[in-house]
Each structure stands twice: as structure tokens, then as C-alpha cells.
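Okay, everyone, thanks for coming.

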Amino acid sequence: MRYETELNHALKRLKEIEFALNESSMVAITDHRGVIQFANDRFCEVSKYSREELIGNKQNVVNSGHHTKQFFANLWKTISSGNVWKGEIKNKTKDGKYYWVDSTIVPFLDENGEPYQYIAIRHDITKRKRYAEKIERMAYFDALTQLPNRNGLPAWLKEHMNGNRFTAFFLDIDRFKSINDTFGHHIGDLILQEAAKRLKGCLRKTDFIARLGGDEFVILLNEDHSMDHMHTVATKILQAFSFPFKCNSKQIYTSTSIGISTGVVTNHEPSELESFVGTLIKQADTAMYHAKKQGGNSYCFNTLEQNMELERFYQLEQEIKHALTKDEFRIVYQPLVNLTSNQIVGAEALLRWDNPKLGTVSPTEFIPLLEDIGLIIPVGRWVMRSVCHQMKQWVDLGMGIGRIAVNVSPIQFRHEHFISDVRQILNETGLDPHCLELEITENAILHMDKSIKTIETLKELGVKISIDDFGTGYSSLSYLNRLEIDTLKIDKSFIDDLNMDGEIIIDTIIHMGKNLTFNVLAEGIENKEQLAYLKQQDCHEGQGYYWSKPVEADDIPTLFLQKAAGV
Ligand code: C2E
Ligand code: MG
Ligand code: MG
């Protein structure tokens, strides 16, 4: 009976061995203590030890230090009690390189059922392991920046529970979409990589940072940290973005908007902790939106009011989709005045949106939204058609309003049908092209060669071109002499700063504009002092509340007649 049992055991073991063995198997036989008695060629080849070096040595000569003591204790427990062990082990070659094996260790038992020998059959699975590690890395890490992604958070939370306070920073790079559109995705990627580096430089080793996707990053602080520390980190981050990003030969300026939310965790259960931190991140996201609305390059803490603002954003998005078909847009006009003659020489058309639920929404709020959801193209076309139609009526009335200016979004300007749209609208309305001025921003013309062509074609049509908000874009001044521009509009912010060193910039722009024979217009003149200064600097034209706020089309003839009569 005993003989039969032994035989069965032996047959079973042989089956295990037969099953595990193939041409590429590493085979080792050890005694009951793990001392190697036999090693085949393949084992020597992979481990880089000679047979002489292996034989007489303990099996653990190939240990890598990767596995815990417990791991080997379990392995020994299994085989020393007469059972087969199967598993994956990370080993080390003689020259210090790591390799992975799948391992089958079969014990041979003596008549007392005690193991007297072990046979270990191993296969090199390093390639497969590396691949698996790579896949795992891909699941938890962002390939572009090498930062963890959203999935990396739970693992970090498990390891970092020092103190109860957590603070989430939610970051979004300002104008990233426009950088991508303007310079291409390759440059966008370089900026993200550099941004990741700079952000890491602002943090402690124990802080967590992840890229959530796109241009969004999240940072988590744990351990003891005060409110002061949160301000310090936020300021450090803003500073880290204050110097230009060097991408190939370009220097690109950008900034970041940061939302911050902080809280104390009460339940340390992993799932509770995850949901607590998830809420913090959501709140920080809301606060970030608030920082964006302040013009970016700033940070904001989460408050209840901000939650309400986010709701407004979603509501705006819902409502604006139907604004055009529901006839909720209207256009107002603001006079442009010649500073020498004090005459109205034209008007700028400005879009207004009146919504029954939201009231009148500012274009600074809804134009970026229209751009985001792609509706700027049909709305922009509607504006241009309505304005040209209106201007044609004024021209036909013999009012002598020199030109009507229409704002053109960079997205519109770069759209493939832009020129044909302008041509068609001019044909349709019969407006003399010289009466139409298109206001484009510096950012619209950063793709220099294409922009030069578009502007040239527009000029051939007879349309005038002005650069709006001049001085606030990314571009350098050197591009100006390559473009056929009629008017430079100095941004209102410089006029606002007239009492605080704004003069230098204004003087430079006026001087340069004159040298290039451009017409220079100052936007947002509100008082006599500003007007006097600009006149003194020989600025040609102005626009602002000093003369008139934007008014309804019906009010323009009266304003115009008053000014023409010198009132
Ligand atoms: P913008 O083209 O620079 O227009 C000038 C803005 O400054 C207008 O704001 C105008 O009302 C305001 N403004 C003029 N003078 C003064 C002043 O003395 N004081 C103050 N505080 N403000 C003054 P608005 O109408 O709110 O438009 C804001 C921006 O929205 C415009 O800036 C333009 O970039 C954009 N926008 C407006 N209408 C359109 C449009 O039809 N299409 C596109 N793409 N953008 C538009
Ligand atoms: Mg404008
Ligand atoms: Mg402007």
C-alpha cells in the first residue's frame, strides 16, 4: 500500500516535471537545504554563473532582493511539506541584471515523506514581465509627462496618510487651446512636459501630482500644512509659470489658473477617503473656473458662491445654443472719433445677448463660449451680415459715417470660408468694401504666412484691417511691418494705466504706429485727462465712454449729426 502511494506521488511529480519542461527550461536540482547539485546549460547561460560556481552554492545565490522574506518563507513552507510550488520570481544574474522567471519547484520525498531533493524548472519571462509593467505603467501614468494619471491616486492615498488635512489644487493652463491652435500640438506637448517639471519643482516629495488629461493637473497636499503653506505653494506655482517656455526656437508665455479646496477627513476607510478627496478635487475645479474668470494667472479658494457660478456656466452653455435661432442677439454701435477734428469717423459694432432667463450677458463672457462650442462661425457670419446691411442703409441715407468696424474672432479669421463669406456678404448687401473694417487680434495672425495671405486677399477686396486690443497678445512687434494694416487699436488697459506708467507703452505704440504709417486709435477713453494726454501724443483717433457708450443703431444718426454739428 505504502509502495503504491509512493509510486503515485512519484508519477505525479514526474508529470509536473514533464509538463514544465521544454527546450528553453532552466533546470536545477538541490538538496533538502537548497544547495545546488545540478544545473543545466540554460540555467548557467541565463544566470551568467558557470556550473562550477553554481554547484555547491545555495539556491538563493540568484535572489534579487525584490521579494519579501515572507514570500520565501511561504515558498519553503509549501515545498518542505511535500507540495509543488509555482510562481513568478525576480532573480539577478551574476553581473547584476534582473530577470524574471516562472518557476515550478517539485520536491522528491524519502520513505518518511520528507523532501530530500528539489527540482526547480524555470523559464525566462523577463520580456513578458517588462511588457506587463509597461502596460501597468500606462494604466497609472501619463505617457507624455511621466506623472501619474487619475488612476494613480488611490495607490498614493494608501501610502500617504499623514495627518487628516488634505488640500487639492486643480490647475489649468491659461489659453492652452489657443497655444495648441496657434503653434501646433507638438509645441503644446512640449509645454505640458515643461509645465509638469516646473510643477514638480514647487512641491515636496510627499505631495501628489497627476495630469488629469489635456492641460489639467491636480496636486494633493497631505501631512501637516497650514493655510499659509497653501498660499505659498500657489504663489510658487504662479511664479514658476512667469518665465517663458522655450519650445524649439520659440519663447511662449503662458500662465496657469489654480483652484484650491481644503478639508479635514474624518473617515479613513479607503473608499471613504477616495470619495472625500474626489469631492475636494471637484470643488477645486470649480474654484479654478473662478480663477479663470478673473483673467487667469491667479488662484482661488472654493466657496459656495463659486459653485453657483459653475451652474451659471452650464446654463449659459445650454441657452446660447439656441440664441441665434431665438433671435436673442442684437448689435450696438460705439462711435470712433478723430482726435484732431473731434468728428465721428466711424463706429464699432458690438454684439449683445439678451436671454429671458439670464438677462443681458457680456460678450467677454459669451464670445469665448461661442468659440469653445464652435458657434462663433455662424454667429460671426450673422453679425457681419447684419452690420453690413445696417451700414449700407446709413451710407444710402448719405450720413457719411466713414467706416464700420466688426470684431472677428481668431477662429473665424482662420476658417477656410472666411474670405468667401466676407465677399458674399459684401455682394449681398451691396456695401462699399472701403466702409468695412475688420478688427482682428494679434493672436489671430500668429501663423504668419497664412495670415499675410488672408490679409492681402481681404485688402484686395477693399476691406480695411485693424489690430484690436493691441499690446495684449503674445506676438512680437516685428511682425507689424509685414502686414498691410490700417489701424492699431491700443488696448484699454494701457489707457487705464495712464497714471501708473502706462505712458511709456502708449508713447511707444503711437510712435511705432506712425513710423509704419498706421492709423492709431486709443480704446476706452473715459475722461478729459486721458484725452488730453493722447492728443498731446498725436494719437489719431479715440473711442470710449468719454464720447458715448455703445448705443442702439437707431441712436447713431442723432449722435452723428450732433458731432458733425460740433455739439
Ligand atoms: P473690444 O473689441 O475691444 O471692444 C471694446 C470694448 O470696450 C467694448 O466692450 C466696449 O463697450 C468697451 N468700452 C469702450 N469704451 C469704453 C470705456 O470708455 N470704458 C469701459 N469700461 N469700456 C469701454 P464689450 O461690448 O463688452 O465687448 C467686449 C469684447 O467682446 C470686445 O472687445 C470684443 O473683443 C468682444 N466682442 C464684442 N462683440 C463681438 C463680436 O461681434 N464678435 C467678436 N468676435 N467679438 C466681439
Ligand atoms: Mg473691437
Ligand atoms: Mg479692444
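So, strand 14 gives the largest share of the shell around ligand 1, namely four residues. Before I go on: this is a predicted model, where local features need pLDDT of at least 70, side-chain atom pairs count only at pLDDT 80 or more, and totals for chains, interfaces and linings use all residues. Residues are numbered from 1 along each chain as its sequence is written, chains are lettered from A and ligands numbered from 1 in the order in which they are written, and side-chain values use heavy atoms, with hydrogens and water left out.

Strands here are DSSP runs of E, at least two residues, and helices are runs of H or I, at least four, numbered from the N terminus. Strand 14 (344-355), helix 12 (363-372) and strand 18 each put at least two residues into that shell. In total, 22 residues surround ligand 1, with R352, N407, D468, E526 and Y545 the closest; to count, a residue needs a heavy atom within 4 Å.

Polar contacts next, meaning N or O pairs within 3.5 Å. One ligand 1 oxygen sits 2.8 Å from a polar backbone atom of Y545, and a nitrogen of ligand 1 is 3.1 Å from a polar backbone atom of L351.

Methods. Polar contact = N/O pair within 3.5 Å; in protein donor to acceptor, adjacent residues only side chain to side chain.
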